[in-house]
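Colleague: I'm new to this one and would like a close look at a single part. Could you walk me through it?

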Amino acid sequence: MKNIKKIIPFILLLVGFASAQVMPSLNISMGEAQSPQEVATALQVVFLVSILALAPSILVMMTSFVRIIIVFSFIRRAIGLQTTPPDQVLVGLALFLTFYIMSPVFTQINDNALQPYLAEQITWQEGLEVAGDPIKRFMLRQVYENDVALFLRVAGRPAPATAMDIGFDVLIPAFMISELKTAFIFGFIIYLPFLVVDMVVASVLLSMGMMMLPPTVISLPFKVILFVLIDGWNLIVRQLVGSFL
């Protein structure tokens, strides 16, 4: 619960990152705009509301959630279970693991950006800049250099002097495809032992002349008991968490 409370200001700070203008105050009223400034303020409000609606997606793109949920999906498919565990269980477990992994980042944002801003020690622009540093450092630890180079080349930008000079518009998509690559590497490794079980069961059934019996029907309980005996969930979660450290 403590980590969940920390993520709320984190989402609000992400909303601020999306706006390059001064944050407008919000008054619920209807009427014709009397000046271009009022029109600009209304457009800012619409833009910020749109970004707030996309905040969950932004949170997913900038955290460890993508890698975790894809690896969990690979586990379910490799064992041969189509709907067990249910999607809600996998998503819930992935979310709580994400909160656990990202907890140091949220703590830094809260201590160095949110609390000084609430104490009126820094402006919200300075708070957003400070809050962006731990997020950027987390993503830079996971991203592949060739993925960053790809988006820099597509954007037609030169290589920055330091890694921290990379903009979020380049870093976020590079981080996403790097996470997909890493998750697929995990998935390949997970599939191998279960593929061996399928091959062994299929060979035994073929040698016994039981060609009409689907090998998956026989191999499924063996794969489940194998996963339980090796304490598979513990091993997978340990490796996933360790991959972000």
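At what angle do helix α4 and helix α10 pack, and how far apart are their axes?

Modeller: First, a word on the source: this is a predicted model, where local features need pLDDT of at least 70, side-chain atom pairs count only at pLDDT 80 or more, and totals for chains, interfaces and linings use all residues. Residues are numbered from 1 along each chain as its sequence is written, and side-chain values use heavy atoms, leaving out hydrogens and water.

Now to your pair. Helix α4 covers residues 65–79 and helix α10 residues 232–243; they pack at about 155°, with axes 11 Å apart. Helices here are DSSP runs (H or I, at least four residues), numbered from the N terminus. Axes are lines fitted to C-alpha atoms over the stretch in contact, and angles run from 0 to 180 degrees between N-to-C directions. That's why α4 and α10 come out roughly antiparallel, a label for angles over 145 degrees.

Who touches whom? From α4 come R67, I68, V71, F72 and I75, and from α10 come W233, I236, V237, L240 and S243; contact means heavy atoms within 4.5 Å. Those residues split into eight nonpolar, one polar and one charged.

F72 leads us elsewhere, too: its C-alpha atom is 8.6 Å from that of G187, 115 residues away along the chain. G187 sits in helix α8 (residues 168–207), and it counts as buried because its relative accessibility is 0% (buried means under 20% relative accessible area, with a 1.4 Å probe and protein chains only).

As for confidence, pLDDT (the predictor's confidence in each residue, from 0 to 100) is highest in α4, at a mean of 89.

Conventions: Helix = DSSP H or I, 4+ residues; strand = E, 2+ residues; numbered from the N terminus. Parallel < 35°, antiparallel > 145°, perpendicular 65-115°, else oblique. Nonpolar A, V, L, I, M, F, W, Y, C, P; charged D, E, K, R; others polar. Buried < 20%, exposed > 50% of the residue type's maximum accessible area, 1.4 Å probe, protein only.
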